[in-house]
Amino acid sequence: MNTSHSLSGTALAAQRRVAVDQALTDIRRIANTYPLDRAVLVRITARLEKLAGLTELFTSADFPPPAVTEGVGASTRYRLNPEDGNEDLALYLNSINPGKTSIPHNHTTWAAIVAVQGQEENRIYRRTDDRSDPTVVRLELERQMTVQPGTPIAFLPDDLHSIHVIGDTPTLHFHLYGRPLETLSQRIGVNLETGAVVNYNATQLKPGKAVA
């Protein structure tokens, strides 16, 4: 056993824990001080970008992407604050192989996405239906942008977007939510062609991994 390497790894994990805790403390303060709007999301995202700048604490070695044998677009979602449980903010580090796509979906809570490495194209949609039929949603592409280092994105609870991991590098992206994804049982996903609505968590969400 390489003791020096083990100690180095332990020290790195301790530094990472402190950095995550400090960032979440600051973000809670922001979220609890101001009414939720896009200006508040800008503040939250800016703080999360500072955390993403500590690239030595968040590497592919410590948060590896799925093996190529798991298929194109395979993903691993690491929960960085599992000790906060289901009633608080949830910070994940997503490691996703190129080729990953999702159907359009909402979150039912606010969300901020910031890149450490890799590119994730986000397509943002507006609803064009009259909302009279809860089983059908009609969408129109409003805009698209690529989340990458220095270019974050944030969402209000009812915003709808899809993701498309591009380039040739697995992502390491922070995904921060007002509540843990696993508790958001009312999220919807939309079939773009038919407009059919599905329960996103029940049909699309895979289990993640907790990081102590």
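Trainee: What average pLDDT does the chain have?

Mentor: The chain averages a pLDDT of 95, and 97% of the residues score at least 70; pLDDT is the predictor's confidence in each residue, from 0 to 100. Over residues 1-6 the pLDDT is below 50, and this stretch has one contact in the model beyond near neighbours in sequence (contact means heavy atoms within 4.5 Å). This is a predicted model, where local features need pLDDT of at least 70 and side-chain atom pairs count only at pLDDT 80 or more, while totals for chains, interfaces and linings use all residues. Residues are numbered from 1 along each chain as its sequence is written, and side-chain values use heavy atoms, leaving out hydrogens and water.

Trainee: Why is Ala74 called buried?

Mentor: Buried means under 20% relative accessible area, exposed over 50%, and partly exposed in between (1.4 Å probe, protein chains only). Ala74 has 12% relative accessibility, so Ala74 counts as buried. Ala74 touches Pro66, Ser95, Ile96 and Asn97, not counting residues up to four places away in sequence.

Trainee: And Arg79: what is the nearest side chain of opposite charge, and how far away is it?

Mentor: That is Glu182, 5.0 Å away. Lys and Arg count as positive and Asp and Glu as negative; His and the chain ends are not counted. A salt bridge needs a side-chain nitrogen of Lys or Arg within 4 Å of a carboxyl oxygen of Asp or Glu, so Arg79, though buried, has no salt bridge.

Trainee: Which backbone oxygen does the side chain of Arg79 reach?

Mentor: The side chain of Arg79 reaches the backbone oxygen of Leu89, at 3.4 Å.

Technical notes
Polar contact = N/O pair within 3.5 Å; in protein donor to acceptor, adjacent residues only side chain to side chain.
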